[in-house]
Amino acid sequence: MRTHPTRRAVLGAAIAAAGTGVLSACSGPKDTGHDSMNHGGAARATPDGYVSPDGPEVVEREAKRGSGPVRTVKLTATATPLELGAGRTVTSWAYGDRLPGQEVRVTAGDTLALTLANNLPQSTSMHWHGLALRNDMDGVPGVTQPAVKAGASFDYRFTVADPGTHYFHPHMGVQQDRGLYAPLIVEDPKEPLAYDKEWVVVLDDWVDGVDGSTPDDVLAELRHGMAGHPGMDMPSPTGSPQGPSRTTTGATSPLLGGDAGDVAYPYYLVNGRTADDPTVFVAKPGDRIRLRIINAGGDTAFRIALGGHTLTVTHTDGFRVVEAKSDALLLGMGERYDALVTAGDGVFPLTALAEGKSAATMAVLRTGSGELPAASVRPKELDGQLVTADRLRAHESVALPARDPDRTVHLRLTGNMSQYNWAFDRTPYTPDQRHPVRAGERVRLVFANNTSMWHPVHLHGHTFAMANIAGGPRKDTAILLPGGTLMADFDADNPGLWMIHCHNVYHSESGMMTILGYQK
């Protein structure tokens, strides 16, 4: 059982250390070239006619963001034992020796100078999920930077322009399904919300180091195909014996349009702990608490609720929304939600259901005396009023101004479980793909899900408005249900080469990625 420090203590430590189924299809223009997230060591040459990740256009855009106080952080990616609760210890990869990694907290307008030292046995990188930052700091090997080789280090330095709840993780193979993730909290110097405490909640699904399993083994099993023999022994990519089968064909959820996921994880975590030995957040009755909730999982959507409380949703993916009351929230991988709650008196479970997977995890809010809730508790709020992104509206302070799109890019999501051939437009990812846009355009991405599974689609370097909905919220990651269409509008104001991909790490690593390229 662990207790959380106060918001200010966390801040000090961080600085010191560092309407359709959104919930048509044509292919747009592109220069089509399977490489994967596990790119080669050197950044590839930018094709003629496209802005380079470190080109003058990128430098000019960064200069317009300004340069505030420098926050210096040093992190080490390393193999380490991690204790998940109730005496369960696994060996995995993490930032330092903790899970999640040390939170990094800055203020909008600051310059973040973070040095990543790579003590892993293979190359890695660091991607800043949700940030509109300079392109050469986006952390995509083979596209925006060379991979950070084993034993080397890389200096990330950029202006953090916008406030919000974000996180960082590698963009290399299936490394993000290990312990390599940590919150990135960007405070608003003109914070419009009033609250007493802040609770950062990171959700995860866990397989690494359990009975010999690794994410690479899981990917190898999935690529073998669900029509094959998922329980059979076969060598992992590293040559070590594979653990037990981790694939599932029985995960279903009406909220996700049917098939809920590919992987049956042995554990589900809140802030690095299992439900039978949870983290405990201590507050006083009547405290107004801001929850910052992050789904850092690889293959699991979470439905989350705080027993005995109603949530007031204030932000999604870092951007304000018109405040909405909710009993529960649904988060796809990569999504973040902020919510306010007024604490009752007692001991309350913050329960996160692994949607469709017949499992759950939990943390605890303690404001008074009482026993911890049982790990099996299921607050009634989980079946109450549910808020998903399509039910929210952008706050007027962040609403995208009305404008017809200058360019429309169509992307069909294709593939199936039996072949595990996930892609856009039936074309597996290669780093030389380009969907062209030009600076100054209003761009509409039209995602059409032609598969039988849901996908959390993610755009790097920008936020978009969910244009299926009048006044839709600003997002960078959104759930797209089977057979559904998502229209995502954004202003092309951040030049470079930017990834678009499914944030199920096993789908993206199997080919469901592509690149948006700014033309000169």
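How many salt bridges does the count come to?

1. The count comes to 29 salt bridges, in what is a predicted model. The points that follow take up a few of these pairs, with attention to where each partner lies along the chain.

2. One of the pairs is D208 with R178, whose side chains meet in a salt bridge at 3.3 Å, N to O. This pair links distant parts of the chain, since D208 sits in the loop between β10 (197–206) and α3, while R178 sits in the loop between β8 (164–169) and β9 (182–187), 30 residues apart. Both D208 and R178 are buried.

3. R178 also meets the side chain of D216 in a salt bridge, at 3.0 Å from N to O. Because D216 belongs to helix α3 and R178 to the loop between β8 and β9, the pair ties together parts that are 38 residues apart in sequence. Why does R178 count as buried? The relative accessible area of R178 is 8%, and buried means under 20%.

4. A further salt bridge is formed by E191 and R290, the closest N and O atoms being 3.0 Å apart. E191 lies in the loop between β9 and β10, whereas R290 lies in strand β15 (residues 288–295), so this pair ties together parts that are 99 residues apart in sequence. Salt bridges that share partners join E103, R105, E187, E191, E198, R290, R292 and D338 into one network.

5. Is helix α3 largely enclosed or largely open, and why? Seven of its ten residues are buried, so α3 is largely enclosed by the rest of the structure. The buried residues of α3 are P215, D216, D217, V218, L219, E221 and L222, and what covers them includes α4 (505–509).

6. T247 is placed in the loop between α3 (215–224) and β11 (252–253), and with 15% relative accessibility T247 counts as buried. Its side chain is joined to that of E221 by a polar contact of 3.3 Å, and to that of S245 by a polar contact of 3.5 Å. E221 is itself among the buried residues of α3.

7. Which residues touch the most other members of the largest nonpolar core? Of the 99 residues in that core, they are W128, L445, F447 and Y506, while strand β21 (residues 347–354) gives the most to this core, with four residues. Leaving aside neighbours within four places in sequence, L445 is in contact with V409, L459, L486, M487, A488, F490, I500 and L516.

8. R426, in the loop between β25 (423–424) and β26 (435–437), counts as exposed, at 64% relative accessibility. Not counting residues up to four places away in sequence, R426 touches R412 and T414. The C-alpha atoms of R426 and T414 are separated by 5.6 Å, although these residues are twelve residues apart along the chain.

Terms used: Residues are numbered from 1 along each chain as its sequence is written. This is a predicted model: local features need pLDDT of at least 70, side-chain atom pairs count only at pLDDT 80 or more; totals for chains, interfaces and linings use all residues. Side-chain values use heavy atoms; hydrogens and water are left out. Helices (H or I, at least four residues) and strands (E, at least two) are DSSP runs, numbered from the N terminus. Buried means under 20% relative accessible area, exposed over 50%, partly exposed in between (1.4 Å probe, protein chains only). A polar contact is a pair of N or O atoms within 3.5 Å; within protein, one must be able to donate a hydrogen and the other to accept it, and residues adjacent in sequence count only if both atoms are side-chain atoms. Contact means heavy atoms within 4.5 Å. A nonpolar core is a set of buried Ala, Val, Leu, Ile, Met, Phe, Trp, Tyr and Cys residues joined through side-chain atoms within 4.5 Å. A salt bridge is a side-chain nitrogen of Lys or Arg within 4 Å of a carboxyl oxygen of Asp or Glu.
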